[in-house]
Amino acid sequence: MIKEITLPLEMKTLCSLVAGDLVTLTGRIFTGRESFYIRAVEEKILPDLDYEAINVMMHVGPVMEKTQGEWKVLSLTPTTSIRMEKYAGPMIKRLRTRALIGKGTMGRKSMEAMKKEGAVHLSPTGIYPSLLAGQVRKVEKVFFLEETGPTEATWIFDVASFGPFLVDMDCHGGNYFEGIISRSMEQMKKVYAKHGIPQGYKYTPI
Amino acid sequence: MTYKTVSEKILLKTLDSLILKSVTAIPGDVKLCLEKIMEAEKPGSMAAESIRVTMENLRMCEKESLLACPDTGYPLFYFRVGSGILPENGMESLYGASIRCVERATGKNRLRKTMVHPLTRFNPGTNVIQFLPKVEVKFSGDIDYLEATFVPKGGGSEIFGTFYRMMTPVDGIRGVKKFILDSAQRAMEAGKSCPPNLVGIGIGGTADLCMKLAKESALLRPVGSRHPEKIISDMERSLMDDINSLGIGSMGTGGKISLLDLHIEYAASHTAALPVAFNCQCSVCRRATARIYPSGKVEMLDYPDWFGRGEK
């Protein structure tokens, strides 16, 4: 069953989400990727936004088109969040972002920040950029278009039934991917044995 | 030797079509494989849902000419040219034509503005900057056409699915297997490389040749193809089963199948060396190929016969 969430994401709703849930989002989100974090942290430049009202961030580089003065999303799918690991935790704390949408999962530092500050990580279940593009009702605003170009700019999207996304990290420390990864590591031991690869084999140092 | 020429106009038109086809409609061999994976996964599982929604998107993209994935990535061209074939404006025009078509497609938003300067991060907004688009050319005495392939290579599979290691002969086949297994797990966990992946392995050669073989076997050999030598094809099958047994599944959601295929190519090695390279392609394994004949006839295909083994 898919949980339908209205944005901004409230604390009560946030706490009810557990790793493995599927959700859709309706409301306003903002986007960003490396340039957003680098500019925010290293250059202290942030889009002038009400981060309480828009508290979901999507890691994405969309394909955008401007026709007759109106921006339109042609294609968007979350980009890999782990690349943002260095800065995501501090930004969650600073902006009180309640959800990050991104491909894959994040690391230990982000997980701790999410637990402490109250946030979740949402990942796509597959690759469906055209479905997601169709769920953007309106492109409300864009920041840093000139400086960073459309792929790295921060866009404000009004979305409806956006998703589905998988809650892969909840705010209680639950992680959907962790179990799959540890099972695969167990299985790997058997595969090593089958091929006569010693556990903990070290390649010849050169 | 007398040459037969391929017209510039047809070359440009064909490259335009290849870019458009590759970004909107995934190749038949890949589509078929995704359908098989969906059948293999447990109904109602997250992996089955993952493939289902990916396929739904692909159908929509093909029908409405939308991008199969916004990350159209690195623009890569592979040309295989018959010895008796010459582009109307000379061999060098293959570079010019590639650049022109990438620029044009980027202007029309068929390719995302993705290529930037690595240090300044300057984005010219054309995808044409310092050696990109990448153009590979090889020649063959056996063909009477020019075979052009365009591959938009996404970042997920390239960034998280590229590994290289120089081993020594002492590490042997077991070392090679360990490297491939470990690389696959690292690439695919939590869906970083967008599995199910088409994994390419290069063994032997210089560092650049080793990686080139890994990349080309992932990008250019069709799903289901096997290396002609038994020792290699056996290794392809066995490693594929082993990697699937890890249970990573589509987008890392946990499933029976994590690979579209696994291809190995090798080159001779220095007697003191054992280099191995790993490179993979993502589940929306985009590529498009065309054979252009001097008569003006153009044949659109799903994959090239890059290794000259008569694959068609």
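## Close-up views of chains A and B

**H7(A) crosses H6(B) in the right-handed sense.** A crossing is called left-handed if the near helix is turned anticlockwise from the far one by less than a right angle, and right-handed if clockwise. The model is predicted, and local features need pLDDT of at least 70, side-chain atom pairs count only at pLDDT 80 or more, while totals for chains, interfaces and linings use all residues. Residues are numbered from 1 along each chain as its sequence is written, and chains are lettered from A and ligands numbered from 1 in the order in which they are written. Helices (H or I, at least four residues) and strands (E, at least two) are DSSP runs numbered from the N terminus. H6(B) covers residues 172-188, and its axis is 11 Å from that of H7(A), at an angle of about 165 degrees. Axes are lines fitted to C-alpha atoms, for helices over the stretch in contact, and angles run from 0 to 180 degrees between N-to-C directions. H7(A) and H6(B) are therefore roughly antiparallel; angles under 35 degrees count as roughly parallel, over 145 as roughly antiparallel, 65 to 115 as roughly perpendicular and the rest as oblique. Ser184(A), Met188(A), Val191(A) and His195(A) of H7(A) meet Arg174(B), Lys177(B), Leu181(B) and Gln185(B) of H6(B) in this contact. By class, the residues of the contact are three nonpolar, three polar and two charged.

**On the side of chain A that touches chain B, H7(A) gives the most residues.** In total, 39 residues of chain A are in contact with 50 residues of chain B, where contact means that two C-beta atoms, placed from the backbone, lie within 7 Å. The elements of chain A that give two or more residues to this side are strand S4 (63-67), strand S5 (70-75), helix H5 (129-134), helix H6 (145-152) and helix H7 (176-195). The share of H7(A) is nine residues. This side of chain A divides into 20 nonpolar, 16 polar and three charged residues; Ala, Val, Leu, Ile, Met, Phe, Trp, Tyr, Cys and Pro count as nonpolar, Asp, Glu, Lys and Arg as charged, and the others, Gly among them, as polar.

**Helix H3 of chain A has four buried residues, Ala88(A), Gly89(A), Met91(A) and Ile92(A).** A residue is buried if 20 or more other C-beta atoms lie within 10 Å of its own, exposed if 12 or fewer, and partly exposed in between, with C-beta atoms placed from the backbone. H3(A) spans residues 85-95, and its buried residues pack against helix H2 (34-42), strand S6 (99-101) and helix H4 (108-117) of chain A. For chain A as a whole, 49% of its 206 residues are buried, and its secondary structure consists of seven helices and nine strands.

**Five strands of chain B form an open sheet in the order S4-S2-S5-S10-S11, with mixed pairing.** Strand S4 (134-140) and strand S11 (298-301) stand at the edges with a single partner strand each, so one side of each has no neighbour in the sheet. From one strand to the next the twist averages 15 degrees. Strands pair if DSSP finds at least two bridges between them. S2(B), residues 74-82, and S5(B), residues 146-153, are antiparallel over eight bridges, with Tyr78(B) bridged to Thr149(B). S10(B) and S11(B) are also paired in the antiparallel sense, over four bridges, and Thr289(B) stands opposite Leu301(B). Five residues lie between the strands of this hairpin, where Gly296(B) takes a positive phi near 105 degrees.

**Helix H1 of chain B lies across S5, S10 and S11 of chain B.** H1(B) runs at about 35 degrees to S5(B). Leu11(B) belongs to H1(B), which covers residues 8-24. Leu11(B) is buried, with 26 other C-beta atoms within 10 Å. Not counting residues up to four places away in sequence, Leu11(B) touches Val6(B), Pro87(B), Ala97(B) and Ile292(B). The C-alpha atoms of Leu11(B) and Leu146(B) are 9.3 Å apart, although 135 residues separate the two along the chain.

**The axes of helices H2 and H3 of chain B come within 9 Å of each other.** H2(B) (residues 28-40) and H3(B) (residues 46-64) cross at roughly 150 degrees, which makes them roughly antiparallel. Their crossing is left-handed. Leu34(B), Ile37(B) and Met38(B) of H2(B) make the contact with Ala48(B), Ile51(B), Arg52(B) and Met55(B) of H3(B). Six of these residues are nonpolar, none is polar and one is charged.
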